[in-house]
Amino acid sequence: MDGKEEEKLWNYLSGKQTDEEKRLFLLHLADNDELKEEMAVSLVRHYGRLKLKEKLEEVHKSLPDIVDHRSKRIWYWQMAAVVLILLLPTCLFFFWEDQRIWQENLFNHVFKPYGTADLLNAAKQDSSLEHVWNEAMRYYEAGSYARAIPLLMQLNGQDITPSSHYSFYLGVAYLGLSPPETEKAIESLQRVLAINKELSQQARWYIALAYWQQGDIDIAKKYFKDIANQQDVYNHEAAKDILNQKSLESIQFIPAPYNLSSPVNKE
Amino acid sequence: MGWGRLYTDNEIISGIRKGGSQSEVLLRYVYKKNWPMILKMIVQNNGNEEDARDIYQETIIIFYEQIKKGKLELNCKISTYLYAVSRNLWNNALKKQRAKNNYYQFVQEREEQKQDSHISVLLKQEKADLLYSCIEQLKEDCRKILVLSIFESKSMKEIYPLMGFQNEQIARNKKHKCLNYLKKIVFRSVSEADILD
């Protein structure tokens, strides 16, 4: 069966022939057994295809709707967006809250009063001053900063050499109060920066803490940065840890005792 | 879409060629796996989901027949083959529709075809019913042997044990008898259809 015959066959089977074409085709079929057989075979093949198509249609019906798939995907993305929008403020809140708590707790965690010194040179020269100094230090060491402060102020007022060790301990004592008097502490400690090289590192540390406690975080960070940028200065590592916002427990700082009887201080 | 077990192309082709229930499983697998790709291709080329379904099913039938005839020689993946066949079928369909190079006329004709399609579908269905009725006048064993030998392209050697015959010659004789009977039916039915038309 050639292409034309097949076309006639399919045209006849699909009903596209005219009446005359049909009549001639039937006439042709009557004397053509081979064509009849080919027609029958074609019919079987067509039947097989129709049956297969029925099966494929059943398979097709079982497919999830592509639109549903897309809408489901869109729905999942929408839900994800909603969850994210709801979670984000919560996460931010807890993050900021953590930050706030960290900031608030830093001073309490890190502030430790500087160690007490031996008798000051100046105090040795005046026995009355020595008495005052000893009493101030006793109160200071006991944590009774409110009692130590007046004594330190008395000493500060009578300090002949502008070494401002008294100012230093006065500043630290102000920070030790509850609540800390940060402005007075800063004022005392700034005097130390102006005139005492040996204690300037320590003073810088406590000034930073004072500003921090006061809420002037940016100013405090500047001081911490100064300390962090200089190797081997007092609490250099601790300043770096603070700037990197390390956990409070991991911040290592040193309230080293200061020995005034060392050769450096006997100049 | 979960696929369950994954099949290789070779497994699919040899499994379909063997036939049986596994053939149906594999065909279902192929159908489900490649449908989204074909749907996307046709929808992106001025078709709709219904067009895609028709073209895709025709593609799968071609794929199936080629395997059964032993004529499928792939030097590419099955999905690539199906895509190429579908694309060709769809392009041919589009060419026929766009013969007049007039987009608006094309759209209008599509609308008219939609209106007429109801009628044309009935006519097609009537013819399909007529053909089914011809074939289903045959007894089941006749239908089976004719479909196995003609549509599934199985040899008598493969068919006779499936039909429960003793040897190939018996199967061959049976097929011959069934085909003759079908010719008589078709001739008679063709005449009736002709009168109805």
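Okay, so helices here are DSSP runs of H or I, at least four residues long, and strands are runs of E, at least two, numbered from the N terminus. This is a predicted model, so local features need pLDDT of at least 70 and side-chain atom pairs count only at pLDDT 80 or more, while totals for chains, interfaces and linings use all residues. Residues are numbered from 1 along each chain as its sequence is written, chains are lettered from A and ligands numbered from 1 in the order written, and side-chain values use heavy atoms, with hydrogens and water left out.

Let's start with one residue. B:Asn34 sits in helix α2 of chain B. Buried or exposed? B:Asn34 is buried, at a relative accessible area of 6% (buried is under 20%, exposed over 50%, partly exposed in between, with a 1.4 Å probe and protein chains only). Beyond four places in sequence, B:Asn34 has B:Tyr56, B:Ser79 and B:Leu82 in contact, meaning heavy atoms within 4.5 Å.

Now the interface. Chain B puts in 38 residues and chain A 37. The two chains bury about 3700 Å² between them, 71% of it on carbon and sulfur; that's accessible area (1.4 Å probe) lost on putting the parts together, summed over both. On chain B's side, B:Tyr132, B:Lys183 and B:Phe187 supply 17% of the area buried against chain A, more than any other three residues.

And charges? There are five salt bridges between chain B and chain A, that is, a Lys or Arg side-chain nitrogen within 4 Å of an Asp or Glu carboxyl oxygen. B:Lys183 makes one with A:Asp33, closest N and O atoms 3.7 Å apart.
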